[in-house]
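Good morning, and thank you for coming. Please keep the sequence and the model in view as I speak.

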Amino acid sequence: MTVFTSRIDRNGAAFRRNLEAFAVHRAAVEAARAATLAGGGTEALKLHRSRGKLPARERISHLLDPATPFLEIGQLAGYESRKEDAVASAGIVAGIGMVEGRACAIVANDATVKGGTYYPLTVKKHVRAQQVARENGLPCIYLVDSGGAFLPLQEDLFPDEHHFGRIFRNIAELSAMGLPQISAVMGQCTAGGAYIPAMSDETVIVRDTGTIYLGGPQLVQAATGEVVDAQRLGGADVHTRSSAVADHFAHDDYHALALVREIVARSATHPLPSPPTPPQPPLYDSSDIPGIISANPREPLPAREILARLLDGSRMIEFRARYGPTVICGTGAINGWPVGVVMNDGVLFSESAQKAANFIEICAQRRIPLLFLHNISGFMVGEAYEAGGIARHGAKMVAAVSCARVPKFSVIIGGSYGAGNFAMCGRAFGPRLMAMWPNARTSVMGGEQAATVLALVRQAQMERRGLTMSPEEIEAFKQPVRETYERASNPVHAASRLWIDAVIEPAETRNWLTLGLALAAGAPHEDTRFGVFRM
Ligand code: COA
């Protein structure tokens, strides 16, 4: 058993300097969050309320059990995206929350953002929420208020494999898995917006404000010449009396949300399980972590100091503590939930990669969920390491991560670069949830390295033509590369593209993981089958 002890001086100059540097990272995230929470802006919100409709986030808070948390997924989606689809939260609020004591995936269109229409990122986020529901066996609640596809970007959201159609296929498949699919129609829902309630198992519709139709009044008139108003075409009365596209008639938003709660209450879903061991706080406060992350991003993160502030009782049973020390592996707990921790403490060498692969294999066999704490510049490079088979040993770790069918969670706490990101269960490797701390960075390699690689390639090309580059020309060539990498590797950018589910504070990390671990514990287990490891 290792008990991590701390040697940090909370009154020292370094601690204060680090806190100040972290505050700059935090401020960038907070600015993005504030802009995002403004939704479609004051005017759109006023219009929305004047129609008797609650905003999306208020709908969710009225739906949830009082004083329970909402684990929001993709809050910053769309924030720093391409100019043409940079809309607040990608026009949809998604996450996991408790309804009648049951954890549910909740997806709510924000009609103040372009009529709740689906941008490419809206589709990606809706599909992501359904993926979280699928993996954790959760009912889905859709609070629908959407004009369907955002027509100018249709080619980026309609025809492809993971585009709009996937949302409806998912509804059918999740229902087939026995996971209740419940819709409340709380605004004008057209085309794709109409298919969500139509595909759901059980649907509520709100009088006057809710409509469901494949084509709105304008389209009907254009197509057939028929003149009909929105309510006669697809209002609550038509759909609960004549068409049976909806099942329950609600008088207003509050009534609709109460009906959804009743539907969840009588569904055969399970309450969240309790942790197998009593939760214990760490010996040291996790809110001190920003003070121990060096203000200089080139300095290594103090891995053991961080574990001392994340794990129950600051302890873990370490696996091969004396071997391959640049990766720390071991079994500990977060609020009573067992986790197999894989955490970087330096570059990955062949020994550390093999050790981690072996540890992942053990966790998969013992059904211990894995927690990856990324702080990795990549695998060691150089002649001796290539000759020693670093690619082969690294591949073993990547294969183990890929095939392990235990719940995996990833938090980028420092850098996450190149193949190191793959070996540490980056997004492509299916972590159940993935987050970054505000100071963290991720890209294929560091900006400085990328700038140097590209400059060397350019110099070699010039030399072939008998030309040379001056030091000033080299620097002028490198600077934009560095800037591009810095912009694209920061956590707000990653969150805006949905490469991660959330940007979280170090002090929030334990609670954020706790809900994920509890959900995973209640979900069905899958058996792991590994492929061929390159020995
Ligand atoms: N694609 C692109 N933009 C759309 C859109 C769509 N499907 N539907 C609405 N918008 C835009 C509007 O142009 C407007 O943009 P602006 O603020 O820049 O002017 C904004 O969304 C809000 O629309 P508005 O009609 O003013 O809001 P509303 O709340 O009164 O009505 C809808 C919202 C969605 C009910 C209504 O706009 C509508 O019926 N849209 C057409 C829906 C449709 O036919 N979809 C087919 C998809 S296949």
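Let me begin with a term. On a 1 Å grid over the protein atoms alone, a pocket is an open set of points with protein on both sides within 12 Å along at least five of seven lines. Its volume is the space filled by probe spheres set on those points. Please also bear in mind that this is a predicted model.

With that term in hand, consider the second largest pocket, which holds about 610 Å³ of space. Its lining consists of 33 residues, and those nearest the centre are Arg134, Glu135, Asn136, Arg432 and Ala523. Which elements supply at least two residues each to this lining? They are strand E4 (102–109), helix H4 (120–136) and helix H20 (509–522). The largest share, four residues, comes from H4. By class, the lining of this second pocket divides into 16 nonpolar, 10 polar and seven charged residues.

I turn now to the largest pocket, where about 1500 Å³ of space lies. It is lined by 47 residues, and the closest to its centre are Pro297, Ser377, Tyr417, Gly446 and Gln449. Several elements give two or more residues to this lining, among them helix H1 (13–37), strand E14 (370–376), helix H15 (390–403) and helix H18 (471–489). Sorted by class, the lining of the largest pocket has 21 nonpolar, 18 polar and eight charged residues.

How many cavities of 30 Å³ or more does a search of the whole structure find? The search finds one, and the largest cavity has a volume of about 80 Å³. The residues that line this cavity include Arg367, Arg405, Pro407, His525 and Glu526.

Let us move to the ligand. Among the residues around the ligand are Arg51, Lys114, Thr117, Phe150, Pro152 and Gln188. By class, this shell contains five nonpolar, five polar and two charged residues. Taken alone, the ligand exposes 860 Å², of which the protein buries 54%.

Finally, a word on aromatic rings. The structure holds eight aromatic pairs. One of them joins phenylalanine 349 and tyrosine 385 in a tilted arrangement, with 5.7 Å from centre to centre and 55° between the planes. Phenylalanine 349 lies in the loop between strand E13 (337–344) and helix H13 (350–366), and tyrosine 385 lies in helix H14 (residues 383–387), so this pair ties together parts that are 36 residues apart in sequence.

Thank you for your attention.

Note on methods: Residues are numbered from 1 along each chain as its sequence is written. This is a predicted model: local features need pLDDT of at least 70, side-chain atom pairs count only at pLDDT 80 or more; totals for chains, interfaces and linings use all residues. Side-chain values use heavy atoms; hydrogens and water are left out. A residue is near a molecule or strand if one of its heavy atoms lies within 4 Å of it. Accessible areas come from the Shrake-Rupley method with a 1.4 Å probe; for residues, only the protein chains shown count as cover. Ala, Val, Leu, Ile, Met, Phe, Trp, Tyr, Cys and Pro count as nonpolar, Asp, Glu, Lys and Arg as charged, and the others, Gly among them, as polar. On a 1 Å grid over the protein atoms alone, a cavity is a set of points where a 1.4 Å probe fits but cannot get out, and a pocket is an open set with protein on both sides within 12 Å along at least five of seven lines; lining residues have an atom within 4 Å of a point. Rings of Phe, Tyr and Trp (its six-membered ring) pair if their centres lie within 6.5 Å; planes under 30 degrees apart count as stacked, over 60 as edge-to-face and the rest as tilted.
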